[in-house]
Amino acid sequence: MVPTTMRELVLVKLGGSLITDKLRPETARLDTIQRLAKEIAQALAQRPTLSLVLGHGSGSFGHIQAQRYHVHEGGLTDWMGYAQTGAAAQRLNRIVTDALLEAGVPAVSLQPSASALCRQGELLALSIEPVQHLLAHGAVPLLYGDVAIDAVQGSTIVSTEQVLAYIARNLGPTRFVEVGEVEGVYTTDPHHDPNARLLPRITPSQHAALAAGLQDSHAVDVTGGMRSKVATLLALIQTMPGLTARIISGETPGALATALLDPQAELGTLLCAD
């Protein structure tokens, strides 16, 4: 086993819109999930120094339940909706975990809501020790967007980006790879605008000028869609010198493996410091 000090830590997020059909309740895209699992296994086999923390969105599992019960808004009088939303997120997580294990990836699922504490939607605390322990032994921690306890409003939803950003601030990865259904970040929503243009690179100083055109999700997404993802990642990059993020399409076979194996591969949109 490669010593921990010699490993390159990369955080990877598989988007909910990629691994589920977000327009059909609780519909996983099994072929896509299995292919991505094989690409992750390939990258780990070919790059022994690679160390991964994986996360995935909830897509048509958690988001639809959260919207139905308004879990993200808090103030619940009936916590059955909280329980149902968490259970839906776990159902998708089981599918992803099983696909990774079948591909030979030693993925270990960690439930964020078991330790997450928030205040008005902001993630303040999450248990990091299990992630560190798994990485030290060559396993692959797998987290996901989940329900969470909120000290002010009672309940909230923590996005996968929030969870991975918290881990990043504590563990110091070199890269973040966000894998979605579109090629990267566009000037406008490519689902609705045929003239939408792919942005190959975004820095914090460019963000304000671009923010108005960045698209929200075209389906139910209680965590804010692409606009929120870009803002979260750029804020992280500003506080962590040397960190870069790349937003790519997982619809293209081999793209994820390429991004993991070659940090310089010109795929999708690169988010980096000015």
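Start by selecting helix H3 (residues 59-69) and helix H4 (residues 80-103): their axes come within 8 Å and cross at roughly 175 degrees. (Axes are lines fitted to C-alpha atoms, for helices over the stretch in contact, with angles from 0 to 180 degrees between N-to-C directions; helices are DSSP runs of H or I with at least four residues, strands are E runs of at least two, numbered from the N terminus.) That makes H3 roughly antiparallel to H4, a label for angles over 145 degrees.

This is a predicted model, where local features need pLDDT of at least 70 and side-chain atom pairs 80 or more, while totals for chains, interfaces and linings use all residues. Numbering runs from 1 along each chain as its sequence is written, and side-chain values use heavy atoms, leaving out hydrogens and water.

Next, show the side chains in the contact (heavy atoms within 4.5 Å): H3 brings Phe61, Gly62, Gln65, Ala66 and Tyr69, and H4's residues include Ala88, Arg91 and Leu92.

Stay on Arg91, which forms a salt bridge with Glu26, closest N and O atoms 2.7 Å apart. (That means a side-chain nitrogen of Lys or Arg within 4 Å of a carboxyl oxygen of Asp or Glu.) Glu26 sits in the loop between helix H1 (16-19) and helix H2 (30-46), 65 residues from Arg91.

Last stop: Ile247, whose contacts beyond four places in sequence include Val185, Val230 and Leu271.

Notes. Parallel < 35°, antiparallel > 145°, perpendicular 65-115°, else oblique.
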